[in-house]
Amino acid sequence: MNIRKGEKEDMKAVLGLIQELAEFEKEPSAVLVTEADLVRDGFGTNPLFQVLVAEIESASSNKEIVGIALYYYRFSTWKGRTIHLEDLVVKESMRGTGMGYALYSEIIKQGKKDGVRRVEWNVLNWNTPAIEFYKKSGARVLDDWMVVQMDEEGINNFVENKLKVRG
């Protein structure tokens, strides 16, 4: 197993793992991002994210990407610069091999290297194995905060209707 910084050429495999995660999270049709989006947004002048890839060498000496950790930097008014781990995904056939722990460790080490005061991520409340893993690693799972999101439809509705009322 080798963990390295992702490259443009890896984005097809990265997208495949994102889609596998969406299926695991019971949202298979929720992925709208494309390979071209990942290349544009991760490798332009001002990249919006970084990605680590975990690869293995197959019997035919081909390298296969079987895990990713996609993250970006945020700013907290209380803590300053932070890392947000958007997704940590390991191909189903590779789970239980230590690859997830290796990727997780690399993100935490990146936070230490960068001098951030917090690394944060979301976890679904039904994903008890992940929650227990995070707790055992020293992370706090916050029960008193709720994730709030507005999807594209909500954004459009707000801009088209709500702002007219205040106008």
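Visitor: Which residue in strand 3 is the bridge partner of Q50?
Guide: This is a predicted model, in which local features need pLDDT of at least 70 and side-chain atom pairs count only at pLDDT 80 or more, while totals for chains, interfaces and linings use all residues. Residues are numbered from 1 along each chain as its sequence is written, and side-chain values use heavy atoms, with hydrogens and water left out. Strands (E, at least two residues) and helices (H or I, at least four) are DSSP runs numbered from the N terminus. In strand 3, the bridge partner of Q50 is Y71.

Visitor: How many bridges join strand 2 to strand 3?
Guide: Two strands pair if DSSP finds at least two bridges between them. Strand 2 and strand 3 run antiparallel, and the number of bridges joining them is eight.

Visitor: Which are the edge strands of the open sheet?
Guide: The sheet is open, has five strands in the order 1-2-3-4-5, and shows mixed pairing. An edge strand here pairs on one side only, which applies to strand 1 and strand 5.

Visitor: What angle does the direction of helix 3 make with that of strand 4?
Guide: Axes are lines fitted to C-alpha atoms, for helices over the stretch in contact (heavy atoms within 4.5 Å). Angles run from 0 to 180 degrees between N-to-C directions. Helix 3 packs on the sheet and touches strand 1, strand 2, strand 3, strand 4 and strand 5. Its direction and that of strand 4 make an angle of about 170°.

Visitor: Which residues have the most contacts inside the largest nonpolar core?
Guide: A nonpolar core is a set of buried Ala, Val, Leu, Ile, Met, Phe, Trp, Tyr and Cys residues joined through side-chain atoms within 4.5 Å. Buried means under 20% relative accessible area, exposed over 50%, and partly exposed in between, with a 1.4 Å probe and protein chains only. The largest core has 18 residues, and those with the most contacts inside it are M99, L103 and I107.

Visitor: Which element gives the most to this core?
Guide: Strand 2 (50-57), strand 3 (63-76), strand 4 (80-90), helix 3 (99-114) and helix 4 each supply at least two of its residues. With four residues, the element that gives the most is helix 3.

Visitor: Which residues is I107 in contact with, leaving aside its neighbours within four places in sequence?
Guide: I107 is one of the residues with the most contacts inside the largest core. Leaving aside neighbours within four places in sequence, I107 touches L52, A69, Y71, I83, L85 and V119.

Visitor: Is D10 buried or exposed?
Guide: D10 lies in the loop between strand 1 (2-5) and helix 1. Leaving aside neighbours within four places in sequence, D10 is in contact with R4, K5, V53 and I65. Its relative accessible area is 7%, so D10 is buried.

Visitor: Why is the pair of Y71 and Y73 edge-to-face?
Guide: Rings of Phe, Tyr and Trp (its six-membered ring) pair if their centres lie within 6.5 Å; planes under 30 degrees apart count as stacked, over 60 as edge-to-face and the rest as tilted. Y71 is buried at 5%, and Y73 is partly exposed at 29% relative accessibility. The ring centres are 6.0 Å apart, and the pair is edge-to-face because the planes lie at 80°.

Visitor: How far from the ring centre of Y73 does R81 lie?
Guide: A charge sits over a ring if NZ of Lys or CZ of Arg is within 6 Å of the ring centre and within 35 degrees of the ring normal. R81 lies over the face of Y73, with a distance to the ring centre of 3.9 Å.

Visitor: What is the phi of K26 near?
Guide: K26 is found in the loop between helix 1 (11-24) and helix 2 (35-43), and at 61% relative accessibility K26 counts as exposed. Most residues other than glycine have a negative phi. K26 has a positive value, near 65°.
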